[in-house]
Amino acid sequence: MNALIGEEIRKMKKTVKALAAYQAELPVETVKAKYGLQHLARLSANESVYGPSPKVAQAVRAVSDDILGYYPDGQATELREAVAKLNHVDPQHLVFGAGADELIELLTRVVLEPGSNIIIPNPTFGEYAMHAQIEQSTTKKIPVNVDNGHVDFDAILDAIDDKTAMVWIANPNNPTGVFETTSSIKRFLDKLPANITLVVDEAYYDFVDEPDATVAPLVAEYTNLVVLRTLSKAYGLANLRVGYGIMQDPLYSAMQAVRLPYNLSTYQIVGGTAAVLDQEYLQKNVQRFQVERQKFQDFLTKNKFKFYESQANFIWIKVGETKKVGQKLLEQGFQVNDRLNPEWIRIALGTPEDNAELKLAFLKATNK
Ligand SMILES: Cc1ncc(COP(=O)(O)O)c(C=O)c1O
C-alpha cells in the first residue's frame, strides 16, 4: 500500500525510472566457487592481466598517514603536471576524474539539455547512451561497417539535426577493437558543426601499434574536441579509478566548475602519477599484449572465425550462440563478455599461458 502511494506521488526523472543498474563483474572468488574452478582467467572487463607498475603500490604506501584528516589537492597538481608532460598538452586543458567513467558522466551533464540528442556508432561503450538517457537526451545509433567494423563517419554526419549536441567515438572502439586513423577523425572534425562536441574516448589508445594514434594534439585547434584517457586499461589500474579528459575552454572551465572539488584522493593522485611516470613498464606490457593479439588473431583466421582486426587488448568475435559459448568457456575457467550481442563475444587477452589454453577451450566451446 505504502509502496503504491510512493509510486504515485514520487517525483523522479522518467528517463531514470526506465534504467536498470549496470551489471558489474562478479568477484573472481565468487565465480571460482560457483563453478568449482582452481583457476579463473578474467577476460571479461578488458583489464590488464599484468596489473600496475610496482612503483604505484610503493608510492601509495609511502603516503604519510598524516594526510588522512585533510582534503586532497583539488587540482591534482602532481598528476596534472606528469600527464601534461607525457601528452605534450597544456596542464590547463586537463580535467581529472574517478576513471574515464566520471568524465563521461560530467561531459554529458555539462553539455546535454533535455530534448537534445547524441550520435554514437553501434556497437560502442554503453555509458554514452546511458548518461544521455539520464540527462533526458536521446541517442542515434549508427551501425559500424559490418564487414570490417569501421565507423561510418558519413552516416554520422547525415544523422546530425539541430538537436544534436554530441558525437562519441571510442578509438579503438569497445567492443569492436577497431581503430580509426587520426586523419579520418580530423576529416570528420572539419565537417562537424563547431557547436557540436566530439568526444574521442581513447581508453585503449596505448595498445595501438600505429604511430600518432591520438588526436590529443588537435585539442589546441578545436574547441569542440575532447579526448578521454584512463589508467584502468594498459596501466593496469582499474581499481584505483583514475581517468582524465583533454579539452579547452569553454568546456574546460565548465567541467572544472561542475566536477566535485575533491574527486581524486591523494592515493589516486600519487598512485596515478607513479603509473604515468613509469613508461618503461607500460611499454613492456603493451608489447606483450600486441604480440598476444597477433597470435590470437592468427589463430582465429586459421580457424575461419569472423572477427574485426583489433588494436585494443580484446577481440570481438562472431561465435553464433554467444551465451552458450560464454557458458562453456566459463566452465573451462575463462570468463568472457557474452552480454553485449547475441552472436558476438568479446574476449580480453590474458597472459600467454592463459591465451594458449584459451584457444583450446574456444575450439571446444564453439564445436570447431
Ligand atoms: C571505451 C571505454 N571508455 C571508458 C571506460 C571506463 O574506464 P574507467 O575505468 O576509466 O572508468 C571503459 C571501460 O571499460 C571503456 O571501455
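This is a predicted model: local features need pLDDT of at least 70, side-chain atom pairs count only at pLDDT 80 or more; totals for chains, interfaces and linings use all residues.
Biologist: Let's start with the ligand. Which residues are the closest to it, among the 13 that surround it?

Modeller: Sorted by class, the shell around the ligand has five nonpolar, six polar and two charged residues. Of the 13 residues in that shell, the closest are Gly99, Ala100, Asp101, Thr230 and Ser232.

Biologist: Now to helix packing. At what angle do the axes of α4 and α11 cross?

Modeller: Helix α4 covers residues 54-61 and helix α11 covers residues 266-277. Their crossing is right-handed. The two axes come within 8 Å, and the angle between them is roughly 145°.

Biologist: Which residues of α4 and α11 make that contact?

Modeller: By class, the contact has seven nonpolar, one polar and one charged residues. From α4 come Lys55, Val56, Ala59 and Val60. Their partners on α11 are Tyr267, Val270, Gly271, Ala274 and Ala275.

Biologist: Let's move on to α14. How far does this helix reach from its first C-alpha to its last?

Modeller: Helix α14 runs over residues 352-365, which makes 14 residues. At 1.5 Å a residue, 20 Å is expected. The model comes close to that, with a reach of 20 Å.

Biologist: Against which elements do the buried residues of α14 pack?

Modeller: The buried residues of this helix are Asn355, Leu358, Phe362 and Ala365. Just after the helix, Asn367 takes a positive phi of about 60°. The elements that the buried residues pack against are β1 (41-42), α12 (279-302), α13 (322-331) and β11 (334-335).

Biologist: I'd also like to look at the backbone. Which residues does the cis peptide bond with omega of about 5° join?

Modeller: Most residues other than glycine have a negative phi, and most peptide bonds are trans. The residues it joins are Asn122 and Pro123.

Biologist: And what is omega for the cis peptide bond that joins Asp249 and Pro250?

Modeller: Pro250 sits in the loop between β8 (243-246) and α10 (251-258). The bond from Asp249 to Pro250 is cis, and its omega is about 10°.

Biologist: Is Arg241 buried or exposed?

Modeller: Arg241 belongs to the loop between β7 (225-230) and β8. Although it is not a glycine, Arg241 has a positive phi of about 65°. Around Arg241 there are 22 other C-beta atoms within 10 Å, and a residue counts as buried at 20 or more, so Arg241 is buried.

Biologist: How many other C-beta atoms lie within 10 Å of Gln136?

Modeller: Gln136 is placed in the loop between α7 and β4 (138-143). Gln136 also has a positive phi of about 65°, without being a glycine. Gln136 is partly exposed because its number of other C-beta atoms within 10 Å is 15.

Biologist: One last one: what distance separates the C-alpha atoms of Leu86 and Ala165?

Modeller: Leu86 is part of helix α5 (residues 77-87). Leu86 is partly exposed, since it has 14 other C-beta atoms within 10 Å. Leu86 and Ala165 are 79 residues apart along the chain, and their C-alpha atoms are separated by 30 Å.

Terms used:
Residues are numbered from 1 along each chain as its sequence is written. Axes are lines fitted to C-alpha atoms, for helices over the stretch in contact, and angles run from 0 to 180 degrees between N-to-C directions. Helices (H or I, at least four residues) and strands (E, at least two) are DSSP runs, numbered from the N terminus. A crossing is left-handed if the near helix is turned anticlockwise from the far one by less than a right angle, and right-handed if clockwise. Two residues are in contact if their C-beta atoms, placed from the backbone, lie within 7 Å. Ala, Val, Leu, Ile, Met, Phe, Trp, Tyr, Cys and Pro count as nonpolar, Asp, Glu, Lys and Arg as charged, and the others, Gly among them, as polar. A residue is near a molecule or strand if its C-beta atom, placed from the backbone, lies within 6 Å of it. The expected span of a helix is 1.5 Å times one less than its number of residues. A residue is buried if 20 or more other C-beta atoms lie within 10 Å of its own, exposed if 12 or fewer, and partly exposed in between; C-beta atoms are placed from the backbone.
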